[in-house]
Amino acid sequence: MSTKRLSTDALKALVRTVPDFPQPGIQFRDITTLISHPRGLADSVHHLARQAEEGGATLIAGMEARGFIFGAAVAISMGVGFLPVRKPGKLPVATIGIDYDLEYGTDRLEIDPEAIRPGQKVAIVDDLIATGGTALATTELLRKAGADVEQALFVIDLPDLGGADRLREAGLSVDALMAFEGG
Ligand code: AMP
């Protein structure tokens, strides 16, 4: 297999934009076309893993569900463990959780606190950052469990929605492989 990596511009061209999903006015940035390409997932993960290695993470946390795809692969590539940040009621052990606001209503994320050593350097990985609500809640939850969370990595940033700036205000370094204008 060729080891020539796709550039981030080439990776961006593999993301499918679906207008008005899941509701009118939303431009849904669909990564299924990126990950089904023979090099799309591998090369996205390669770029993300190099950034995570620079940050020195010893554990990768990924948010359900698309953060599992990229986060688990980044963890494998780095030779570190993976922590799933789950929707409520999925983990079979005593969890700690956080409730956070969505545009309409609230949601909740849970982790197994035993999966984190005190002071462990954890990087969070998700497919996309929009308002930053999910990533901020994840950061707060991991910090509550004793993690040192300094880095957040995304395949896609929607900078106009301000999430990356919010994360930076919370003390994280934020990187994304690509950005799309608009919401
Ligand atoms: P947020 O909490 O606003 O940063 O939203 C981030 C989460 O919602 C991510 O897990 C994304 O998978 C999903 N998401 C938000 N907006 C979009 C969008 N325009 N296209 C695809 N996924 C999105």
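**From one residue to the whole chain**

Tutor: Start at Asp 30. Setting aside neighbours within four places in sequence, Asp 30 is in contact with Val 15, Arg 16 and Val 18. Bear in mind that this is a predicted model.

Student: Where does Asp 30 sit, and is it buried or exposed?

Tutor: Asp 30 lies in strand β2. It is buried, with a relative accessible area of 9%. The cut-off for buried is under 20%, so Asp 30 qualifies.

Student: What comes between β1 and β2?

Tutor: A loop that holds Pro 22. The peptide bond joining Phe 21 and Pro 22 is cis, with omega about 0°. Asp 20 is in that loop too. Its phi is near 60°, a positive value in a residue other than glycine.

Student: Which other peptide bond is cis?

Tutor: The one from Glu 64 to Ala 65, where omega is near 5°. Ala 65 is found in the loop between β3 (59-63) and α4 (66-78).

Student: Let's do α4, then. How many residues does it have, and what is its reach?

Tutor: α4 has 13 residues. From first C-alpha to last it reaches 19 Å, close to the 18 Å expected at 1.5 Å a residue.

Student: Which residues of α4 are buried?

Tutor: Gly 67, Phe 70, Gly 71, Ala 73, Val 74, Ala 75 and Met 78.

Student: Why would residues three or four places apart point the same way?

Tutor: An α-helix has 3.6 residues a turn, so residues at that spacing point the same way. In α4, the buried set includes Phe 70, Val 74 and Met 78.

Student: What covers the buried residues of α4?

Tutor: The cover includes two helices, α2 (32-35) and α3. It also includes the strands β3, β4 (81-85), β7 (121-129) and β8 (148-157). After the helix comes Gly 79, with a positive phi near 75°.

Student: And α3? What are its numbers?

Tutor: α3 has 16 residues and reaches 23 Å between its end C-alpha atoms, close to the 22 Å expected. Its buried residues are Gly 40, Asp 43, Ser 44, Val 45, Leu 48, Ala 49 and Ala 52. Among the elements covering them are α1 (8-12), α2, β3, α4, β8 and β9 (173-179).

Student: Is Ala 57 buried or exposed?

Tutor: Buried, at a relative accessible area of 8%. That value is under the 20% cut-off, so Ala 57 counts as buried. Leaving out neighbours within four places in sequence, its contacts are Ala 52, Met 78, Val 80, Lys 121, Val 122 and Ala 123. Ala 52 is one of the buried residues of α3, and Met 78 is one of those in α4.

Student: How far is Ala 57 from Gln 120?

Tutor: They are 63 residues apart along the chain. Their C-alpha atoms are separated by 8.1 Å.

Student: Switching to β7. What about Ile 124?

Tutor: Ile 124 is in strand β7. It is buried, with a relative accessible area of 0%. Not counting residues up to four places away, Ile 124 touches Ala 61, Met 63, Ala 135, Thr 138, Thr 139, Leu 142, Val 149, Gln 151, Ala 152 and Leu 153.

Student: Which residues of α5 are buried?

Tutor: Ala 135, Ala 137, Thr 138, Thr 139, Leu 141 and Leu 142. Ala 135, Thr 138, Thr 139 and Leu 142 are among the residues that Ile 124 touches.

Student: What is the span of α5?

Tutor: Its 12 residues, 133-144, should span 16 Å at 1.5 Å a residue. The end C-alpha atoms are 16 Å apart, which agrees. Gly 146 follows α5, with a positive phi near 100°.

Student: Now zoom out. How many helices and strands are there?

Tutor: Six helices and nine strands. Buried residues make up 41% of the 183 residues.

Student: What is the radius of gyration of the chain?

Tutor: It is 16 Å. A compact globule with 183 residues would have a value near 16 Å, so the two agree. Along its principal axes the C-alpha trace spans about 40 × 40 × 30 Å.

Student: What share of contacts links residues 24 or more positions apart?

Tutor: 59% of the contacts with a separation of 6 or more.

Methods:
Residues numbered from 1 in each chain as written. Predicted model: local features only at pLDDT ≥ 70, side-chain atom pairs only at ≥ 80, totals over all residues. Heavy atoms only, no water. Helix = DSSP H or I, 4+ residues; strand = E, 2+ residues; numbered from the N terminus. Rg over C-alpha atoms; globule rule 2.2 N^0.38 Å. Buried < 20%, exposed > 50% of the residue type's maximum accessible area, 1.4 Å probe, protein only. Contact = heavy atoms within 4.5 Å. Expected span 1.5 Å × (residues − 1).
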